[in-house]
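Student: I would like a close look at a single part of this model. Please keep the answer connected and give the cut-offs as you go.

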Amino acid sequence: MTDFLLELRSEEIPARMQVKAKEDLARLFNDALAKAGLAAVSVETFATPRRLALIATGLPMATDAVSEETKGPKLGAPPQAMEGFLRKTGLTQDKLIERDGVYFAVVEKAGRQTADVLAEAIPAIIRAFPWPKSQRWGAASVSTESLRWVRPLQGIVALLGDDDVPCEIDGICSGAATMGHRFHHSGTIHIANAADYAAKLRDAHVLVHFSERCRIIRDGAKAAAEAAGLRLVEDEGLVVENAGLTEWPVPMLGRFDAGFLDVPQEVIQLTARVNQKYFVCHDKASKLANAFVCTANIDAHDNGAAIVAGNEKVLAARLSDAKFFWEQDLKVALDDQAKKLAQITFHEKLGSVADKVDRVAKLVRWLVEEGIVKGASADDAERAARLCKADLVTGMVGEFPELQGIMGGYYARAQGESDAVADAIRDHYKPVGQGDDVPMAPVTVAVSLADKLDTLAQFFAAGMPPTGSKDPFALRRAAIGFLSLLLQNDLRCSLKGMLVATGAGASFAILEEFLIDRLKVQQRESGVRHDLIDAMFSLGGEDDLVRLLARVKALQAYISTAEGANLLAAYKRAANILKGSDPVSPALDTARDALMADPADIALLSALDIAEPQAKKALEAEQFEDAMAALATLRAPIDRFFEEVMVNDEDAAKRAFRLGLLARFRDAVTQVADFSKIEG
Amino acid sequence: MSDVAPLSFQDLILTLHDYWGKQGCAILQPYDMEMGAGTFHTATTFRALGPDPWNAAFVQPSRRPTDGRYGENPNRLGAYYQYQVILKPSPPDLQELYLGSLHAIGIDPLLHDIRFVEDDWESPTLGAWGLGWEVWCDGMEVTQFTYFQQMGGFDCKPVSGELTYGLERLAMYIQNKDSIFDLVYNNATVDRPAVTYGDIFRDNERQMSTYHFEVADTDMLFDAFKKATAECESCLQHALPIPAYEQAIKASHIFNVLQARGVISVQERASYMGRVRDLAKGSCQAWMAKNGWAA
């Protein structure tokens, strides 16, 4: 048993690719071992900007010898068959084994040295490595077939125990030498074996453990903020990114001019985070402070004074640019910005963004005037809709597209729009997918809902629904947002009515089906059964999604009781018996029925007479639990019915009567839900 | 920075010339046409194609009409200077050579935080792309570092390494200035005063911004764009890649001015860029053909 070290050293690997690269390296390595019949006790991977490495422990020195048996021709087979078999196996006939009248060739395969397996596997892993983007480089790149790597590959360390595993790929030979930190350590380092890899590199200012660098950044950034009496705004994404940009991370606090705090804090945070990879800090009052934490890659001679000064200057330049945009944008009324939306294509088949805004504004007014969204002023809602996309043409959103909506909210407030309007502009993109905050403010709800509804209706009407994994216009996300808005705000309306109001003018069957499908996906997380949604939707006529979901929930609660399960079983039995026949439902008011019926028939009939109108009334009052309770009263009589009487009685009249009775039972249940769609 | 006085703007250029000249680069002069970046110089575009080795360095005045700020913004200019190095094939120690150049201009990598941060370069108008980094010095991007993979739509065989230094940014850094216009352009002598970058260029920024944003005759420019396009095609028919390419550069610049003038809609933008790209690609193709290189 021994350990193996592999290090693939290159020029700087993009930070965002390192975590995945570690996983890919482990996978490819394990696959290569498995193919050779080897397995390691453990495999650990490492990534820094300049290296991707792996340590496998507990590898055997060689693979086991195996004997492989190949079936050959039968005794007495034509000589050509035997000749062919011998040629294939390279044996002579006397070396074959005969068993049950069949020849077998047995080939003994000696075990292979693990070092040989690895020497073959390393170049194969390198060539097969699935980098998201790779490149050619250097003199070898006269051929487009030359080696590709994420950035130029510079060296390979491959050590099994204390020995080199010699291999070569495109002129790069493996060995025991690597490099330390780019600036803290000059010259090469010789690694003895896997056990001293991390320590040798640590001595050369390289921390190979990704998690250790993350911890230093996380803790160090926090400590730097606290030392200044501030609180770090934690950001695990930034921790990982900075760990991917450093081999020797050193977090340090810097400051910026407090005058920049006039600029919306989202802008400052975004500039700091996205452009500079800095953390930001809050003061004691939880407001953004004029401080940031950057992560250097060196222990500087001057303890980082020059680095902090440099970074402060860069951030100041960025913030003054942002301030410039902010001040310029404030000079232009949003109404004037909105006019420029005519220049921006929403989609070549669906007109400009101005066209979209116009459609949304009309839809918003309709939603409010119809009373679907309550508590909003129609004028406010339309105003918000008309301005909601205006920030797309501002300098700030041009620079930071992520701030769409947020900037519009700021500009609207600054020009004196009401809070309701400004909030609606700010939040109308929400919710962005499952789990995001769902707006509750009426004006915001109206604008957000109309925006998504228009997008969905227009793209579907133009024949561009999502297909398979392709959803270029994020319609699935829009649908989830639309549904969340409806359900969380209890918006009561006919889905079809809303779709017609979009004016997209097409049949909405595909879109409705798509939305119901999304509803199932969205509800799965909260445990609502998809088959029960189908059971309600397939009744037809129920396209008020709020009511639909309330019914589904009542149904699910009932179905999961023993009584509900029995009723479902009875329904399935009844439906089965009725399959193919369409009997007339009987009523209990003729003497003839009374005469021929058994007590179990009468009991069911009486129960139906009471339960049917009860269920109907409860449904009308949207008391779905009560409708279920009404159905529940049928459970005992239907069980008794199946127990005591024969449906297929010899007497044709009795048979017809009972079939009719069953049909009434089925229909009574079906007015509550289409039980035939329920699974189980 | 260090004990010695920081380099003036012109000394920065001279130091880089000296450094890259010693590395075997031919020190060229700027291309004498208006262009948006050093990559447009034929020393980069054309020389990145084909198998022949090529090592050159030069300053390229670069015009970005939309970035003009009337000389008011301390960090933005409508015209600035790029220092461009191209090494073909890319040498195995290109990063070390580059870091050597930073050392030569007075940046100590144990005092300043030098980082290679992913930034893949793409020029839609040249049909070119490559992988590489923006090089950060204490968080400031000072150089674009690219391994060209394609130029004019053709695979680079072999790959060139391209370094593009933003000279003004680097100088602001070295001289510790907050405004481009305060940069020391040259050092004073006993009887001749120093001049600043602003002394030389602020008026250019003001006037060119006014011209690009307010005055430029758009009818004339649209017409000129058309004529440059036609001229490029005519040169291509005569198998003259260099003059054809010059017309492509001209069309590209005219397009940039039209954009600054705000008369090209978002929809039209892509189609104009596509036309320039076709001209550049056609020129590259003609260059390949003239030299007898297969794609």
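Does Val373(A) count as buried or exposed, and why?

Tutor: This is a predicted model, in which local features need pLDDT of at least 70, side-chain atom pairs count only at pLDDT 80 or more, and totals for chains, interfaces and linings use all residues. Residues are numbered from 1 along each chain as its sequence is written, while chains are lettered from A and ligands numbered from 1 in the order in which they are written.

Val373(A) counts as buried because it has 26 C-beta neighbours inside 10 Å. The cut-offs: 20 or more other C-beta atoms within 10 Å make a residue buried, 12 or fewer make it exposed, and anything in between is partly exposed, with C-beta atoms placed from the backbone.

Now its place in the chain. Val373(A) is found in the loop between helix H10 (353-369) and helix H11 (378-387) of chain A. Helices are DSSP runs of H or I with at least four residues, strands are runs of E with at least two, and both are numbered from the N terminus.

Next, the neighbours. Leaving out residues up to four places away in sequence, Val373(A) touches Leu367(A), Val368(A), Pro442(A), Val445(A), Ala446(A), Leu449(A) and Leu491(A). Contact here means C-beta atoms, placed from the backbone, within 7 Å. Tyr410(A) is 37 residues from Val373(A) in sequence and 25 Å away in space, C-alpha to C-alpha.

The largest nonpolar core has 275 residues, and Ala446(A), Phe292(A), Val293(A) and Val364(A) touch the most other members. Such a core is a set of buried Ala, Val, Leu, Ile, Met, Phe, Trp, Tyr and Cys residues joined through C-beta atoms within 7 Å. Helix H15 (residues 442-461) of chain A gives the largest share of this core, twelve residues. Val364(A) also touches Ala446(A), along with Ala381(A), Glu382(A), Ala385(A), Val447(A) and Ala450(A), again not counting residues up to four places away in sequence.

Last, the partner chain. Chain B has eight helices and nine strands. Of its 295 residues, 47% count as buried. The contact takes 32 residues from chain B and 36 residues from chain A. On the side of chain B that touches chain A, the largest share, four residues, comes from S4(B). The residues of that side divide into 16 nonpolar, nine polar and seven charged. Here Ala, Val, Leu, Ile, Met, Phe, Trp, Tyr, Cys and Pro count as nonpolar, Asp, Glu, Lys and Arg as charged, and the others, Gly among them, as polar.

Definitions and conventions:
Contact = placed C-beta atoms within 7 Å.
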